[in-house]
Structures are given as structure tokens and as C-alpha cells.
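Please keep the sequence and the structure in view while reading.

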Amino acid sequence: MLPDYMRGDEEATLVPDPSQRPGCWLHPKSGDVVSMPVDWRPKGMANASGLVGKKVDIIVGRFAGKVGIVRHNGLADDPPTGLRVRVTETGDEIPFESFEPYLRLRVDNKGDGAVVAGGDVSGSIIISGSGNTVNVGGRPPATVRHEPASTPVQTVDTPIDERTPTVFVSYSHDDDDFVERLISDLNRMGHAVWVDTSSIKGGDDWLRAIAEGIVNSYAFIIVATKSSLASKWVRDEVTWAKQQEKLIVPVLVEDVVRDTAFFPLVNFHGVKFHGVDYGTAIVRLVASLPTPGKNDTSATRPAEMWLPSIETVRLVATINGRLASIKDRVAAGRRLAEIGDPRPGVGLRADGLPDIVWCDVSASEFTFAGDPQAPDSGPPRQIDLPAFRICKYPVTYCQFQAFVDAEDGYANAQWWDGLHSDGLVQQRKGPGEQRFRFTNYPRENVSWYDAMAFCRWLSAMFGDQVCLPTEQQWEKAARGTDGRAFPYGNEFDPTKCNSGNSGIGQTSAVGAFPGGASPYGAMDMSGDVWEWTLTEFYNGSDANISSCDRRVLRGGTWGNNAAFARAAYRNDLKPSHREVSVGFRVTCPAV
């Protein structure tokens, strides 16, 4: 049976959406918007026996978290007995009685397979009038999700402390480190998060606050680990979320799906985080969640449903896939720059500051220098460094641009205080021009002074001590403790770094060579761009930041051969020089 709000013969012709979005049409009574690509052809619609020239109902709904779509003769309120629904994601057919419909679209079947033709719409929509925007057609309806009409008006630009919670996270405190990272990434992608440590204020009734937090959230994430599944609190929260009919998404941090404790969640499709790249997993998770509403406070404008970009998920999987070809990974990186790269550590946070993902480098001895094929490296030495963190990727174009564009950023001469006067002279002339202007590519054409000023600005913004790595820190982060020749091993491999041997001929998106990760997870430490370090080249000093002596560069570049990509190879440049092959990454103290 159809829900009451879908019943009745009342029809209202769709009219073009006032926002002028292509293929979008407005139901004048309910205010609902339907987006239908002009080339949409519902399977089995064209010349369906007995239905040509008649009104046909297209019904969209859910089954076990997946979306199905079905068409039938639209003369009756309820579909005929025995009607079966095709689940679009799997191709399976299920009885209509097992189906949860939420959209009924009544159209004229012209017999040519088209619902919308030549920009004309011939049809009407019968829906709840809830104010939802629904994307029915195109590629694929399987990702459409129903979202409450009371979606808050918020975007990634909305300050985090002003957002209405959209996602409830249930977890065990044994998993605090993972949860902290997860919350940070969800915030960065525009979602506010309800979590017990920050959403319950002093004096609140704990149980009531948790219950209301679940009720007021549009999605319920359970961080599924052995610890969380054993927690009575988590089990109670899952039960309450199920009773409230929330969208439940298990985040599989550990392989627990075969545990008996996982049984209450067996009907919910989870997102696997264990044994896969985190960047790929977080994109898949966000693609399964409703999006925050558009930044439009008009009471008459419905909050828009989000059709997750299948293309984005595919591209992230490609760029993170070690088996993909260099050509495919580079192409995926460039396309992500065009449509938006959601990988953590590549872009900006919700507050507009650079989103930095840190790699922990533990305290230990390591072999510094001593590579006979890197002649300037000098004799090998055992050096004991304290723990520190280094950013996963070189600073990207969009991250440095946040510094350039900030009111208190590049234009503020205080960030050059204490550096050689050459730096201030350079600052007054403005930053260098990026050669390869893609948001997720490494920022190049930066001087050592530019990089130092960026670090000082970011330190002030983060409230932490951000700095260029010393030469020793850089080498340890690249080589680990076993004295390897390259970040990924002892044998050069052009498929694991963007060097002259790789045949690209320019920089590429950060992280496009996942097989080249260092022992600590840092990417692109071999090839792509030379990276500035804090260290003076000739005397090895890290302390004198006011000199104009040449500084050490590490890592090699897209135009150099294998010899320059060795982790111990030393290069140098005057601190005022800007080159299209020179960028940088940053460090900060260990937590």
C-alpha cells in the first residue's frame, strides 16, 4: 500500500524551477523540486505493453538501505497485486510489499522511453509536500536518500559551534583516537557531530541529552569495534536509534561483522575502514550521509537532497589504488581538482584553514646520511631524534592560497619578522605565481621566506608550533630507521614517485603515488617537488633563521632522474629563490 500522503488523484503540472537549474522542475503546491535529466530512460518504460499513451506512475523507495524504482499503470491509487520492484543498486527484484516508497511521480508515457523530452515536462508529482528536493533520474537513483524536511540551513561555511547536529556518533572511549579523527573530517566536510564529550553541557540530564541527540540527528554512526559492541551504552543507543528509524551506518574499524554482538546491525550496510585506505573510506562514508542544507534562509526554498557523486568516490579509489596506472592516477587527481577533492589533508577545513593530516614519527635512533649514491650526504651517523609530527602531503596550492587570501595572512609583514631583510622585500612584491594551478597539487614557486611565513601564520591559527622540518627530521620521516634508499624501499620504482623517469613532465596531485609512502605514512617524499627544510646547507645549522645562506632542499622533483629522488640526496638553493619545482611541507611537535 502507498502511504496516505501518496494517495489520491490530485495532480499539479510541474513548472520550471525558479532557480533555473537545468532539468529541475517545481511542484507549485508542495514546493517540492524534482531533478530529471532529459535523457533519463526508465528501464522497461519505452513501448511497455499496454502503457503507451497512458499515465504511468514512477515510484521510488527504499529496501534494506538501498533504493528501488518501479513503474506501473497510474490509474489506481495502489500498485497492482504481485508488482515487483527492481533494486537499482543490485538489480534484484523484491515484492512491492517489502518496499518503502517515498516518491510517486505521475507521467505521460509517450512510448519513446522519455519522461522529459526537449525541455518539456509532461507530468505531475504526487508527494508529501514536505519540502524535500528529490533527484529521481540519471546516474543512479540508487544513491537517493530520504531526508527530513527540517534540515538545518548550513553549509561547510557555517561555523562549527553554530551548526545543528546532523550526525550522532556512538562509540567506545577505547576508540577515542579514531573517533577524534573521524569527527574532525566530518566537520571539515560540512557536518556537525553529536558526541557525548562535547555536546553535553554541565547540568544536563545525561540520558535525556543522549536520547534527544539521537532524535535530533539525521544519521546515526556506530564506530563498530569489539569494545563498542561490548558496551551497554552503545547497545542502548543503537536500540533507541532503531526505534527512531534513523539512518544507521556502521563504521567498521575492526572486522567484527561475524561476531555475535554485531547481529543487531546485520541489516545495515556498513563502511569498511579496516584494511583499506582511510581517505577512500571517509569519502564512502560521507557519500552515505545526508548533506547539510544549502545556505539559503528562504522559507520557501526546500532543503536540497544530496545525490552523492559516484564519480568522486571512483576517483578517490583510483588515486589511492596502488594497482591503477600512473596515467589513471594522475588523471584522477586532476579531475578531483576540478570537482572538489575530499581527501583529508589535501584541502581546507570548515573554518577555511588548511586541513593538515599529521603523521607521527616516533622517538628513536636512525641512520642519517651515508648513502654512497648521494655524495653530498656525508658519512653515516646514528642520530637520536625526539618524536615529532610531519604533514602527510606537501602543502597544496589551495592551502597556501588560504594564507595569501587571509586578511591577516600574506599581507601581514609580522610573519617575516626576524628573517633576513630579503624576505620582507620579497613579501612587499607579493607571492610567486603557481605554475600548475590545480587546488590539490603541491604549492610551488615559493621561497624559503614564503614557507617560513606560512608556518608562522599557521602556528598562530592552530595555536601550535608549526615549522619547516629540519634536514634530520625530513630524512627520518622519509627513510625510517632502516637506512633505506627511497621512502618505499631500496630499489627505485618510477611507479611510486613523480620523477623524470615517470614521464609526467610536471607536478601531480598530492598522494597520486600511494605506493611511495614512507615508513610513517608520509606521501610524495620522493619526487614531485623539492622541499625546503629549516637547515642551512653548508654549516648544518637549524638555529639561524635570520641569515640569507643557502638552505637544504630534499626529495627530488618531477624533472629529475632517480639519483635525485634518493632520500639522502641533498640539494640547496638561496632562500629568496622561487622555482616551479620547489615546494614544502611542515612539522609540529608530537602530542
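In this predicted model, Ser170 has Ile222 of strand β15 as its bridge partner. The two strands concerned are β13, residues 167-170, and β15, residues 219-224; they run parallel and are joined by four bridges. Both belong to an open sheet of five strands, in which the order is β14-β13-β15-β16-β17 and the pairing is parallel. The edges of this sheet are formed by β14 (193-194) and β17 (271-272); each has a single partner strand, so one side of each lacks a neighbour in the sheet.

**Helix pairs**

Two packed helices are described by the angle between their axes and by the distance between the axes. The table gives these values for two pairs of helices in the model.

| Helix pair | Axes come within | Crossing angle |
|---|---|---|
| α3 (residues 206-215) and α5 | 10 Å | roughly 45° |
| α1 (residues 176-188) and α6 (residues 278-287) | 11 Å | roughly 60° |

At roughly 45°, α3 is therefore oblique to α5. The crossing of α3 past α5 is right-handed. On the α3 side, the residues that meet α5 are Trp206, Leu207, Ile210, Ala211, Ile214 and Val215, while α5 contributes Trp233, Glu237, Trp240 and Ala241. Sorted by class, the contact of α3 with α5 has nine nonpolar residues, no polar residues and one charged residue.

The contact involves Phe178, Arg181, Leu182, Asp185 and Leu186 of α1, together with Tyr278, Ile282, Leu285 and Val286 of α6. By class, the contact of α1 with α6 comprises seven nonpolar residues, no polar residues and two charged residues.

**The sheet of three strands**

Another open sheet consists of three strands in the order β18-β21-β26, and its pairing is antiparallel. Its edge strands are β18 (358-361) and β26 (587-589), each of which pairs on one side only. From one strand to the next, the twist averages 30°.

Strand β21 (residues 388-391) runs antiparallel to β26, and three bridges join the two. Within this pairing, Arg389 has Cys588 of β26 as its bridge partner, and Ile390 stands opposite Thr587 in β26. Strands β18 and β21 also run antiparallel, and four bridges join them. Among the residues linked in this way, Val361 has Phe388 of β21 as its bridge partner.

Which way do the side chains of Phe388, Arg389, Ile390 and Cys391 point from β21? Phe388 and Ile390 point one way, whereas Arg389 and Cys391 point the other way. These four residues are all buried.

Finally, helix α12, residues 471-479, lies across β18, β21 and β26. The helix runs at about 75° to β21.

Notes. Residues numbered from 1 in each chain as written. Predicted model: local features only at pLDDT ≥ 70, side-chain atom pairs only at ≥ 80, totals over all residues. Heavy atoms only, no water. Pairing = 2+ DSSP bridges. Axes fitted to C-alpha atoms, helices over the stretch in contact; angles between N-to-C directions. Contact = heavy atoms within 4.5 Å. Nonpolar A, V, L, I, M, F, W, Y, C, P; charged D, E, K, R; others polar. Buried < 20%, exposed > 50% of the residue type's maximum accessible area, 1.4 Å probe, protein only. Parallel < 35°, antiparallel > 145°, perpendicular 65-115°, else oblique. Left-handed = near helix turned anticlockwise from the far one by under 90°.
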